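I want the pairs, then the clusters, then any charges over ring faces.

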Amino acid sequence: MSVLNMSSQDKTDTDLRQEEEHSSSEDNKQEGVICLGNNEVKSRAVVKYSAAPPPSSYALLQEKTDLKLPPANWLRENAQLGPAGTTILGSSRKSKPFSSFGMAFDFIDCIGDDVDVVSDSENIKKLLKIPYSKSHVSMAVHRVGSTLLLDELDIQELFMRSSQTNDWTWLKEFYQRLIDQKWQRKKKSKEHWNEKAILSKFLYYSINSDGTAVSVPSDTEQTGDEGCGAGTDGPSWPATFSSSTTDSEESALPKEEQVDTYALGHVSSVPKEQNLPTLFNEGENSQGLRNDFVRNILWTFEDIHMLVGSNMPIFGGGRYPAVSLRLRDNNKPINVLTGIDYWLDNLMCNVPELVMCFHVNGIVQKYEMIKTEDIPNLENSTFSTRVVKDIAQNILSFLKSNCTKEGHTYWLFKASGSDIVKLYDLTTLCEEAAEEKCQNPFTLPVAVLLYKVASNMMLKKSQNRKIYGTIRTLLLNCIKLLDEDRHPQIIASAHYMLAELFQLDDVSEDEGNGESLRGGGSEDSYSDEDEEDEEEDEDERCSFSTASEPQHDSKAVAVIKSVGELSVPEKYKSTHQIRPNFAYPVSQDKEEKCRLVLSYVLKGLKAVDSSIKKESDLPAADPSTPIPLKYEERSPNGAREVEQEIALLLDRVGPCNEELKVPTRSGMLPGTWQHRMKLQLFLKASKAYYVLSDAATNLLKYGRALRYIKLALQCHDAYCSISGGLHAQVLLFHCQCLSLCGDVQLMLAQNASNRAAYLEEYSYQTKDDQEILHCLHRESSCQAFSMATDLALDPEYQLIVSCKCYEAAHDLLTSGVLKDQAQEQLGQVLKRLGNIRNEMGVFYMNQAAAMQAEKEGGRKKDCTNAKKTRSKSIIFFSGPDQKNPENQATMRRSVCVAEQELWKKSFSCFEKGMQYFSAISDSVNTALLLCNIGRLMRICAQAHCVITSEQSRGEFSPEETLYYNKAIDYYQRALKALGCRESHSAVWDSVNWELSTTYFTLATLLQDYAPLSRKAQEQIEREVTETMMKSLRYCDLQTESARQPLYQYRAATIHHRLASMYHSCYRNQVGDESDRKQHKALAEQHYSKAVRLFVNLSDAPCELLRTLLERVAFAEFTMAGQNSSAVKLKTLTGALEIMCETRHAFRLIHKELLEQQENITKAEEKPEEVPEGSESSSSSELNTEEVLKLIGIFEPSFSFLLLQVIKLSSASKRKLSGKEEEQVKIYKSVYSRLLRAEKSDPLIQRVSLFLELLDQLNPPSGSEEPRSSS
């Protein structure tokens, strides 16, 4: 056995208990393990606090010393003896009824999880001696988390009080009816008091008398003490347990007497001076809740952790560093009860040895030293330590299994001489008796302890999210116990902490929070088993409770039939790991969580408002009357009104250091607990509404989102009304609200088609929302943000409001308070500002385009569409009538001032947006805005097109050229901003496509509406060629993407247009033969490339057919200028070969015609099963009118070629070979069938005929695709 020195620090100030608890882990902790022979019992004691000085040597009394004579220092205050020396009762004096609560308050960190039992050491000893003792046991049991608080419940004292105040009458009647009609406490004999007096004198003899001396009590006082000791040292029950200070007195308490409670965290954090105030006074008026023990010890007995209070004097010095002194009558042997007493006292205080002084009639005889492990083996007091261990484990398991409801007062009772132990729920019995809960004197101490434990856990909640359910259980039970009228501050604070349990800041936290809350237990019930063992545990619990319960007592929660059961190992099994019986109905849905938070905030606000003494001058609002959320259509000067409102708003919410000095609108005084609590509740409500608005935005419920963000900003407005200055974290959160308000207004502007649904969502209000608004209106009109959060009907106004909200957030973030604290949030706001400027620019740009389209009256405004020219067989340069001066005089430009204003607004917005994106180095969005400016320039160019008096398109104007070139410049800047395609492929491809389109449009307009009045045809041809080739350069034919077919079609169209242009030049140009040859070669080259690209497209048969027919026409024109028959025949044969290549185009046309015919047949047979969009899709796939036009060109051209070949072959002077004669026969046969073909036949039959003739003319080989060269 190792003997450890007992060292403790003399601290008498209760404010130092927490400091002692932390320091004890290093210097002042005492612990020891005592092993007792074969019956090994593990015991470890750590002194958490000690008010006694270090142990000093005891005085060894001389033999024959008469202890009946008082020493000189008797009953004088002495730190060595502590409370044991101030009364003749010594260390056996009765504990106060709330002693466990006093310890729990001082060591709040231990309560809930770390400690199983908190109690006076005398109560622990009494419980462990139940199987050995016939005396009665009466204890109050309370549960806080997994901790049990045990206190002596003096029934006789209660009954004495009941006769005076008429309280507890229900318990007296119940006790007399069911438990013990005759039992009364036996009066202590005179011999008993004499023994107590001798013990007290012995202790004073044994100490040095240098302690602080007080006047020796007179004989009269001593006699009075002896005569009424039971009365003076008995429990002092409070008459009415209530808060010790009124609301008005609370604010005047000195700061050191106030208890700091949980402070706000994260976004909703507030300055330290806004922490919650004291809940009750910890001073002299704490009504029995003080911790009066000399030492508080954390005692681990086997697997049971107990916080015990002890007043046992400990002596030391010399070879015995720590011993306990006992006085025994030599004529009376030590019994088992005394031996257990001595043994447990030494274990709890970690005292290794006991010094026994024997006396006869008060005359000292001798001293005897006994080791602690030898006490169980003393003569006449032998007991098994393992049996005591089993008793402790069984009693703890029994209590934990049945004391399941927090806030309830349980009564553990064993009558004198009885073997039956019963457990009653006094709270339930009181409710059945229809008496007020405040008549239970334990109500307020239990409620305050529940609150303080929950508050302490809240400070550590970030370390362990699993305790959230426990905290919620503690707080709900605390609220259930308290009267709102008497304790509004605790109730308001508890509701705020319940709201604060739900962290609404990010997704990962919410998920973890939901899980922990669902696992948090029912409101007041616990079970002692893991989930997988719940059913088995319930069976066991029911078996011992039902079988052992007497038939006549149905009021008991549980009964131990015989105290002998407590000695049976593991009779009452219980794991000490607490798990909830029922899960909380907490949904993972974020909206439901926020609604729960708001319900707690509302209850907290009601509790605060009910405590404000001075009534407001405002008329009382009816909570059942909804407060309207206005919506209206804004006037034209609405933008300026918003700017003024936002400017005033920024002045209001800006940080300041001036504290409010006058009462608020409701009469609340600044600095009071009501003021500090309202600040936190308003902020929490604002946070909840913000999260609701954000969730509604993600669900595309923009009307609901605007309503929620309006409520969030109204809560913030009320906060500003009662706050003298705003903390940086509050300002950051306010910036988030303004940003979200801007987001919602932007989405409303973009989704104007659903305005009716959004209006319905916006107008709806829940009852909680209405009541919270009424609470807000007690402090503020809540109109500061009305214009920014109204549901307007004008998209332009909504965009302006959105922009102003972002600008307000930006101004706050760049102010002096937040300048260096929110760089990430500033980047997000700058991105939003760039985006809203882009949206506004697009809005004005679309308005300008719509105005232009309306003026043109349905005429197509974009002449750049490639498909517009598909109906032309051969493209020539066209322009205005150069010979008609009247037409020249009537040309006009159609650009109005309104259009120009819209262009300026749009351009200004785009430029500002680029500035914001450049500030955060966002090259991708900068490129997109440059791309939008390019589109704006193209719209400007379209508006400057020249219209003649006949409403026809005039020449391509210089203004159009200017704006198209500007558009090209902005697109090139966009590509330069991106740098390379790898930076953002989607944006790069989009800008690249727009740039190619702009070049193509410019070249097409220049070609179709050539400005021949200003430029020479050769110059125009050169510009068209250059522009077309630039467009072709940006056609990405290699990269596989969704635009690849579009690029292929455009490239084919460009080659086709260039070929047509060179074809036209070749036909019409007279002069230099080398130029004609060059044009001929270029035309052949571009026709060949166009055919190859069109063949690769399966949806462009008409374009392919037109290109081939133009090549045939080009060959016919070439033949017309030839003189030699052989050369002509060769050219015609080549032209026929080109004509045969049209077979691929006709096959595609035939296939699409068949599909159309099948769809028509299906529609006639089963019209109800026709797939939607089949008609529109078929009509869009093939333009039959254009096919008919092309066939109208194909037939005569085909006939002409066949006829000319037959003529030239027949007129040839050279004799034809057999193969050539056979070929001529085929030509004649085909020509004959072509002439006999009816033009009135259905289109599909005519196309089938053409396919047959082409196959007959040139049988298909392995490759049916046309050749790519002439």
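I searched the whole structure for aromatic pairs and got 22. I am working from a predicted model.

**Trp411 and Phe413.** I looked up this pair next. The ring centres lie 5.0 Å apart and the planes meet at 50°. I then checked burial. Both Trp411 and Phe413 are buried.

**Trp993 and Tyr1047.** I turned to this aromatic pair and found it edge-to-face. The centres are 5.2 Å apart, with 75° between the planes. Where do the two residues of the pair sit in the chain? Trp993 belongs to helix 32, residues 985-1008. Tyr1047 belongs to helix 34, residues 1044-1068. The two residues are 54 residues apart, so I logged the pair as a link between distant parts of the chain.

Is Trp993 buried or exposed? Its relative accessibility is 16%. The cut-off for buried is under 20%, so Trp993 counts as buried. I read a relative accessible area of 3% for Tyr1047, which is buried too.

**A cluster.** I also found four residues grouped in one aromatic cluster: Trp299, Phe301, Trp343 and Phe383.

**Charges over rings.** Last, I looked for charged side chains over ring faces. Which residue lies over the face of Trp74? I found Lys201 there, 4.9 Å from the ring centre. I noted Arg707 as well: its charged end sits over the ring of Tyr708, at 4.7 Å from the centre.

Conventions
Residues are numbered from 1 along each chain as its sequence is written. This is a predicted model: local features need pLDDT of at least 70, side-chain atom pairs count only at pLDDT 80 or more; totals for chains, interfaces and linings use all residues. Side-chain values use heavy atoms; hydrogens and water are left out. Rings of Phe, Tyr and Trp (its six-membered ring) pair if their centres lie within 6.5 Å; planes under 30 degrees apart count as stacked, over 60 as edge-to-face and the rest as tilted. Buried means under 20% relative accessible area, exposed over 50%, partly exposed in between (1.4 Å probe, protein chains only). Helices (H or I, at least four residues) and strands (E, at least two) are DSSP runs, numbered from the N terminus. A charge sits over a ring if NZ of Lys or CZ of Arg is within 6 Å of the ring centre and within 35 degrees of the ring normal.
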